[in-house]
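Here is a short briefing on one helix and the strands around it. Start with the packing, then follow the strand pairing.

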Amino acid sequence: MCPDTWVLHVDLDQFIAAVEVARHPELRGRPVVVGGSGNPAERGVVATASYEAREFGIQSGMPLRLAARRCPEAVFLPVDKEAYEEVSERVMATLRSFPVVVEVIGWDEAFLGARTGDPEALAAEVRTRVVETTGMSCSIGIGDNKVRAKIATGFAKPAGIFRLTRANWVEVMADRPTDALWGIGRKTARKLEAAGLTTVRRLGLADPDELAARFGPTMGPWYRLLAQGAGDTEVTATPYVARSRSREITFQTDLTARAEIDAQVSALAARVAGDVVAEGRPAVRIGVKVRFKPFLTYTRSLTLPDPTSDRAEIERAALSLLDRFDWARPVRLLGVRAEFDRVE
């Protein structure tokens with residue numbers, strides 16, 4: 001990597017909540033929770049929460065009812081996907097106004113590939129222009145690869161800038177738990193901890209053969225590389241392409257009858273099939289998600305014999321997956337997902 005070539009990770013701060021506050025300025029400084037229909041008396045989960053709400057322990061994915069118990073004075077709002085997409089598009093257009101390569105990786109984040117002798121100055125200019133053109137605040141991580149830039153953003157939040165490179169990797173990351181790494185979640189961190197790998201340092205120094213034996217020939221050595229800060233340095237302007245399309249529904253009254261469950265999955269599959277047709281790419285894999293009472297979530301999936309956009313085939317695959325679940329508990333949520341082949 002050229003000494004003057006940098007990867008910047010731009011992450012919009014509390015994006016969905018920030019869009020809502022921009023639309024409703026009177027909510028600034030108040031705990032705001034966005035999710036479901038916006039009614040915490042109904043079933044649904046938190047899509048995002050403002051920093052003020054997070055101080056009460058409210059997190060994404062939490063049931064709205066629990067969020068309301070933790071912070072009764074919070075303002076609850078429904079999800080408005082179209083509004084978030086419109087603001088996201090304006091932010092990405094602003095990023096593309098700079099002499100950088102922009103790789104969009106979601107509604108609220110993107111990598112920038114930049115050649116500059118002062119990445120902090122560039123990051124500051126990006127932050128300023130994003131605020132001026134969209135009203136959105138962002139945090140920016142600077143790195144010598146994507147992994148380090150992404151992790152750096154966590155240290156930059158909120159509304160800051162942080163540089164993480166090979167030069168300060170050990171100082172910043174060595175004594176942190178393994179789930180501080182991008183790509184290692186809590187479940188994997190617990191498995192690593194069971195193997196005595198409690199910190200980034202220990203994982204980075206682990207024997208790759210032992211990791212391969214315990215976690216698989218691909219994932220084991222990859223965990224070690226992550227702990228050493230290794231990552232891709234190439235930022236590409238290839239347009240973001242969705243890997244899947246999904247539909248789900250949370251029921252206000254639990255479902256117990258299999259016939260009703262089948263009917264709901266059929267309806268969801270039909271909607272997903274419509275999304276697949278609109279996407280213009282056939283589905284290669286179908287998945288079904290079931291959330292049982294009280295809040296136990298399981299998924300099952302299968303690869304289709306041939307890629308398809310046919311509604312009947314997608315519906316048939318989704319229904320066949322239902323036989324792989326244990327229906328001993330009432331159902332509070334169902335979801336159907338169609339996955340596309342990766343675009344190279």
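The buried residues of α5 pack against β1 (5-12), α4 (81-95), β6 (109-115), β7 (138-143) and β8 (161-164). Contact here means heavy atoms within 4.5 Å. Buried means under 20% relative accessible area, with exposed over 50% and partly exposed in between (1.4 Å probe, protein chains only). The model is predicted: local features need pLDDT of at least 70, side-chain atom pairs count only at pLDDT 80 or more, and totals for chains, interfaces and linings use all residues. Residues are numbered from 1 along each chain as its sequence is written, and side-chain values use heavy atoms, leaving out hydrogens and water.

**Helix α5**
- Helices (H or I, at least four residues) and strands (E, at least two) are DSSP runs, numbered from the N terminus.
- α5 covers residues 119-134, 16 residues in all.
- From first C-alpha to last it reaches 22 Å, close to the 22 Å expected at 1.5 Å a residue; the expected span is 1.5 Å times one less than the number of residues.
- Its buried residues are Pro119, Leu122, Ala123, Val126, Arg127, Val130 and Thr134.
- Seen down the axis of α5, these buried residues fall within an arc of 140 degrees, so they line one face of the helix. The arc is that of the directions from the helix axis to the C-beta atoms.
- Gly135 follows α5, with a positive phi near 80 degrees.

**Strand β1**
- Seven of the eight residues of β1 are buried, so the strand is largely enclosed by the rest of the structure.

**Pairing of β1**
- Two strands pair if DSSP finds at least two bridges between them.
- β1 and β6 run antiparallel, joined by seven bridges. Leu8 has Leu112 in β6 as its bridge partner.
- β1 and β7 run antiparallel, joined by six bridges. Val10 stands opposite Ile140 in β7.
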